[in-house]
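Please look over the protein below before reading on.

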Amino acid sequence: LLAFTNFCLALYTALYSFLLGLGRLKVLVVFSLGVVLLNCLLLFALVPRWGIIGAAWAYVLSVIPVVLLFWWVEKQYLQLQGRMRFYCLLYLKVGLVSVLYWLVATYVLLPLVRSMMSLIVVGSGSVFLYVLLYAGLGFIPAEDRQSFKLFFIAIKQKVLTRHVASE
């Protein structure tokens, strides 16, 4: 549940730096105060009934406006038009992969975790699982696949070069 907030906060960090560089402090202050106010209202509404789960949902719901701010900044300051469809499709793809990932992680990977070492191995592998699901559904564009391929070829050459040099 809270992993989604990391995505939103990563977007906000980029937006914060961009708007700060443009000298748009008023936008940052108004937006930050709005998020704080929304979070407080949601906390008062959700915590009495659902406790810590309500607090988690309040936090998640209060950072969703970051996605809208990102879209607004692109439109307002970068004059990028027609991006809403792009973002809707992107979030649908990420959402679909996240649901599939959650199902696999909950019903296949989680039962494999029996110790700290298995947690480290399964946890590390789960990152690759997410990328494989995303790629397997055809969501990675061709130019990005080519970039990945070149990256892994460079890594392989680096490893082989070090291996040959050490012999």
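The notes below cover the overall fold, the surface and the nonpolar cores.

This is a predicted model: local features need pLDDT of at least 70, side-chain atom pairs count only at pLDDT 80 or more, and totals for chains, interfaces and linings use all residues. Residues are numbered from 1 along each chain as its sequence is written, and side-chain values use heavy atoms, with hydrogens and water left out.

**Fold**
- The protein has six helices and zero strands (DSSP runs: H or I of at least four residues for helices, E of at least two for strands, numbered from the N terminus).
- Its radius of gyration, taken over C-alpha atoms, is 21 Å, well over the 15 Å that the globule rule (2.2 Å times the number of residues to the power 0.38) gives for 167 residues, so the protein is more spread out than a compact globule.
- The C-alpha trace spans about 60 × 45 × 30 Å along its principal axes.

**Burial**
- Of the 167 residues, 22% are buried (under 20% relative accessible area, 1.4 Å probe, protein chains only).

**Nonpolar cores**
- The largest nonpolar core holds 16 residues (buried Ala, Val, Leu, Ile, Met, Phe, Trp, Tyr and Cys joined through side-chain atoms within 4.5 Å).
- Helices H1 (3-22), H2 (25-63) and H3 (65-77) each supply at least two residues of this core.
- H3 gives the largest share, six residues.
- Another core, of five residues, lies apart from it and includes Val97, Leu133, Tyr134 and Ile140.
- Val66, leaving aside its neighbours within four places in sequence, is in contact (heavy atoms within 4.5 Å) with Cys8, Leu11, Tyr12, Leu15 and Phe31.

Conventions: Buried means under 20% relative accessible area, exposed over 50%, partly exposed in between (1.4 Å probe, protein chains only).
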